[in-house]
Amino acid sequence: MLTKKLPPLQSFLSLVSRRGSHLARQQYDVIVVGGGHAGTEAAAAAARVGAETLLVSQKIQTIGALSCNPSLGGVGKGQLVKEVDALDGLCGRAGDWAGIHFSILNRRKGPAVWGPRAQLDRQRYREFIQSELLSTPRLTVLEGSVEELLVSEPNPEEPGHHIVTGIRLANGSHLISASSVVLTTGTFLSGSLFLGQSMSPGGRIGDAPSSAGLSQTLRERLGLRIGRLRTGTPPRIVKDSVDLSLAHVHPPDSHPTPFSFLNTHTRCKPEEQLPCYLTYTTPGVERVVRESLHLNCHIQQETKGPRYCPSIESRVLRFPGRQHQVWLEPEGVTSDLLYPQGLSMTMPPDVQLRLIREIPAMHRAEIHTPGYGVQYDFVCPTQLSPALQVKSTQGLFLAGQINGTTGYEEAAAQGLWAGVNAARWALSMPPVALSRTESYIGVLIDDLVSRGVTEPYRMFTSRAEFRTSLRPDNADLRLTLKGFEEVGCVSTLRYQEAVRVRDSLQDALAALQALSLSTHNWRKKFPDMRMSEAKSTLLTGMDVLQYNDVSFEMLASAFPECLLPHVEFSQRLKIEAVYRPHCNLQKKEIERIQKEENMSLPQDIDYLSLPVSLSQEVREILDRVRPSTGCG
């Protein structure tokens, strides 16, 4: 799956419509606004479901660009990438193509909370995404800026006060009609860039600001509650100006683990991977931060920023006197830049240079591009349904940072699901939802629409109550079959592979269960196995595989006739054996929650006067959020 030849960027540009007047059609099923992680996944998913889809991006060269850190995955985030891939999304395969440093985080803990992660080559990643979009049937790409949403009176048979009918492009009165629209505006919705004491409109340095009309439409025409969040990015450092001998080398895994279930290996060979480097801040860094606070208007704002990826200014102010990690990450195979993870900053460029030179490995470093901060509008996500549709506006879907999240992976997951449901709406199909009992995507969406956000939302494994069931290794079994049979976003090729894997695993588990020996005979087979001699019961192969010092390969060598055919799945079978007892204990709780999720609540309930025992605070929350099911 990693042998295809990508077309050059010029081929992608030549096949993209530059102006709306050059479009082959002026009516689409779905229009996606924005070409970041949410937008590309939404457009591809909508097209896979069967909708004629238009992707509108302000700058076609940046479609699929890694705007901030050159990495994908991590603890909690890697689970999202695996699930997006299981639903035939793009980012997992793109990560396998563009990855230059693969590692599994959290290995000291159980496999359920392992975090697949990769450093990426920025150019390779962007080229892969653009190539995928270029080859996706029913998908058209247009360069342009959206001035406003077109809305009209709603369909009286559906809930909502408005219905979206299309978009109006900026710099003219050109209209494009659609049955549904997905907004994935990222940080561009009324975005403001901050560098030192200067502020300018925009969502990313080097790109034009978005039209103010879109934010105005959401706020005034549709009456949505809008909030304000902030984020930032570190300066990019010239690699040759850094003394890497003064930093700790962090090598990649010797055997790269692919994100995608369709790939058995990554494009980057093990020996071709690049290392990362770890260094630390010094007291000099803290001194520069404190001395320059009066020159930094971004850090003085009260707008909430990301708690789990804070700027160096925020770190110093919240945790004075501490050392902070700084990871020096490669930006690509041929790139001459390093990304200093942990040094997001918004002070003036000359002060940024002073600060980074306080770190020994960077005492002579040069800055290629300064760090900066961004503030942007977001829509309070409790106004959305579990399909990521705006409750008050028929056919309008939101995904990514516009919903108050942070991170590529969170954006991609929302984008895919919003694209699926936007297509289903346009094609007169019922919406689909993912339960928090069956996926991290379900956890993410449920947290957003039922609880809302007060700061940029980031996924962690701790947010998933049933994380022992929602593991990276079984995302295909949890979601691919459903994605094909119920949702319609999975290809036949991927579905057939998932069925093969499912059937093979079932056969292997049955073979393990059929192996039954006394503890005495197991100890004879494996003298080094730490099994209590006091035990005298019969144990199956599944029982024995739960022992830490027993691998499936060991069992297969002892029982080759029945187990050797299944050695392809040795790691998955080991993980399944370890977690099966705990997962069985959780089944009743999962069934209870799924029953509540299937209980629909009318949207016109008067919670304020409902004759039940509820506090006034709870009534007001229910009245504001208006949950669609018994679980929110």
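How many bridges join strand β10 (residues 192–195) to β19? Three, with the two strands running antiparallel. The close-ups below start from that pairing and then move to other parts of this predicted model.

**View 1. Four strands, β11-β10-β19-β12, make up an open sheet.** The pairing here is antiparallel. At the edges stand β11 (198–201) and β12, and since each has a single partner strand, one side of each is left without a neighbour in the sheet. Ignoring direction, neighbouring strands are turned by 25° against each other on average.

**View 2. L193 has a bridge partner in β19 and another in β11.** Look towards β19 and the partner of L193 is V374; look towards β11 and it is S200. The β10 and β11 strands run antiparallel and are joined by four bridges, while three bridges join β10 to β19.

**View 3. Strand β19 (residues 372–379) is mostly covered.** How many of its eight residues are buried? Eight of the eight. Cover comes on both faces of the strand: Y372, V374, Y376 and F378 lie on one side, G373, Q375, D377 and V379 on the other, and all are buried. Along one flank, β19 pairs with β12 (residues 226–233) in the antiparallel sense over eight bridges. To find your place in that pairing, look for I226, which stands opposite V379.

**View 4. Strand β5 (residues 115–120) is another mostly covered strand, with six of its six residues buried.** G115, R117 and Q119 point one way, P116, A118 and L120 the other way, and all of them are buried. Strand β3 (residues 71–73) runs antiparallel to β5 and is joined to it by three bridges, with S71 standing opposite Q119. Strand β4 (residues 99–105) also pairs with β5 in the antiparallel sense, this time over six bridges, and S103 stands opposite R117.

**View 5. A six-stranded open sheet has the order β14-β15-β16-β17-β13-β18.** Pairing is antiparallel here. The edge strands, β14 (248–250) and β18 (367–369), each pair on one side only. From one strand to the next, the twist averages 35°. Towards the β18 end, β13 (residues 236–238) and β18 pair in the antiparallel sense over two bridges, and I237 has I367 in β18 as its bridge partner.

**View 6. T279 sits in strand β15 (residues 276–280).** Is T279 buried or exposed? Its relative accessibility is 5%, so T279 counts as buried. What is T279 in contact with, leaving aside its neighbours within four places in sequence? The list is A247, H324, Q325, V326, L328, I359 and A361.

**View 7. V612, L614 and V618 form a nonpolar patch on the surface.** Together the three residues have about 200 Å² of accessible area. Zoom in on L614 and you'll find it in the loop between α18 (570–597) and α19 (616–625). L614 has a relative accessible area of 34%, so it is partly exposed.

Definitions and conventions. Residues are numbered from 1 along each chain as its sequence is written. This is a predicted model: local features need pLDDT of at least 70, side-chain atom pairs count only at pLDDT 80 or more; totals for chains, interfaces and linings use all residues. Side-chain values use heavy atoms; hydrogens and water are left out. Two strands pair if DSSP finds at least two bridges between them. Axes are lines fitted to C-alpha atoms, for helices over the stretch in contact, and angles run from 0 to 180 degrees between N-to-C directions. Patches are made of residues with over 30% relative accessible area and no salt bridge: like charges are joined within 9 Å, nonpolar side chains (Val, Leu, Ile, Met, Phe, Trp, Tyr) within 5 Å. Accessible areas come from the Shrake-Rupley method with a 1.4 Å probe; for residues, only the protein chains shown count as cover. A salt bridge is a side-chain nitrogen of Lys or Arg within 4 Å of a carboxyl oxygen of Asp or Glu. Buried means under 20% relative accessible area, exposed over 50%, partly exposed in between (1.4 Å probe, protein chains only). Contact means heavy atoms within 4.5 Å.
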